[in-house]
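Please open the model in a viewer and follow the selections below in order.

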Amino acid sequence: MGKIEDLKLLNGWFNEFSSIGQNKIGGVTRLAYSFDENNMHETFKKICEKLCFHVKSDSVGNTFVSLKESDSRKPYLIASHLDSVPNGGKYDGVLGVIGGILILKWIRDNNIDIPVKVCAFRCEESSAFGKATIGSGLITGKIKEKDLCSLKGVREESLYDILKSKGYLSQNYSVEALQGYIEMHIEQGRVLYDNKVEAGIVTAIAGSKRFKLEIHGRQDHSGATPMSMRKDALSAASEVILEIEKLGIQESIHSTVATVGEIHETPNALNVVPGFVELGIDIRGIESSSINSLISQLKCNIKNIMNKRNLSYELIPTTLGEPVKLSNQVIGGLYEAAKKLGIGCIKMPSGAGHDAMEFADITKTGMVFIPCKEGISHNPKEEADLSDLLNACKIVYEYLKEVLP
Ligand code: GLV
Ligand code: MN
Ligand code: MN
């Protein structure tokens, strides 16, 4: 273990991924189960095979890496994901995966007998199929195969059909019993960056409640239809969007947030009164009571807006994830490890979702956050310092050594 050599390794691995799905402005698009996400997993395999690690893919496309081909002991899983949002950043997910490789290498180089596996999950981002953490959700049983039938990508093909056509779902893919789960990830907010803290130990992950709102107006001629005779679905959607922002601001005292990040209008033409709009609504928070109160006010306000405009609508829940508390034992252990190493850290909740959510109820789960520049994420400008990733790796490695049986 040497700082310069380790940074060189991290930098080299990071660069191997960098050009995959990259556009002219430096953003990356590595949508789940696309050519580019496959390419990310192939690159991960190549890096690990060069290091003489054992590589195995499961029947949903997740990639697992270990030092031995088989080990009778339950492993610790260190994991994150390799897909991205459209035009996203290069650090989201990737850092947790390359950090895992480095820790596995340290374990081997230092002859430490800890059963550890590293995993890169598929489809953590909800942007490709409207649902997050598919790879980790399937293997932990949180997502069932039948759920994949209603998830559609841009070509309207179901995720179930896509996976079947790639030869997935043909064998058992449930995750083995684990001793623990740890994920390193960029914070994706600016708490660490603003406070100049080197690492965050995550205490809880915000719950995410997502809805699709379909508004049925009437498609009409924009010149010939008087204002009093319209059923404009987009104008109604605009009122809803502002309402969601208002409720989000109202509940922000509880750290709840509310976003409309997706809008599809039909027929989306300059000289046509919009006949149909679909909104994607994302509500998140650490306190269930605040999230639920926002949702009940929202339902009531949507009803009022649609009644006033004489429009019909459907509010369809797509994800109803509760806030997830991480293991106190792991939080304490990671915090102590950071203190022992002299790495400045704070305990903090995560506003973003992570694969770790899927493991918290089946094994002791923890996360370490790495600062990202100005808190920018899901953006081509996303940036993090690999020496902060190195600190996170040291914290996790120290923690694992401490919990050795
Ligand atoms: C994952 O990046 C999320 O949307 O929280
Ligand atoms: Mn993300
Ligand atoms: Mn991520």
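How many positive and negative side chains does the protein have, and how far apart do the centres of the two sets lie? There are 47 positive and 51 negative side chains, with centres 1 Å apart; Lys and Arg count as positive, Asp and Glu as negative, and His and the chain ends are not counted. Each charge is placed at NZ of Lys, CZ of Arg, CG of Asp or CD of Glu.

This is a predicted model, in which local features need pLDDT of at least 70 and side-chain atom pairs count only at pLDDT 80 or more, while totals for chains, interfaces and linings use all residues. Residues are numbered from 1 along each chain as its sequence is written, chains are lettered from A and ligands numbered from 1 in the order in which they are written, and side-chain values use heavy atoms, with hydrogens and water left out.

Next, select the manganese ion (ligand 2). Its protein donors are Asp92 (OD), Glu125 (OE) and His378 (NE2), at 2.0 to 2.1 Å. Donors are N, O and S atoms within 2.8 Å of the metal (3.2 Å for Na, K and Ca); water is not among the atoms, so sites may look incomplete.

Asp92 is buried at 6% relative accessibility, whereas His378 is partly exposed at 41% (buried is under 20% relative accessible area, exposed over 50%, partly exposed in between; 1.4 Å probe, protein chains only).

Finally, display the whole protein. Its C-alpha trace spans about 80 × 45 × 40 Å along the principal axes, and buried residues make up 53% of the 405 residues.
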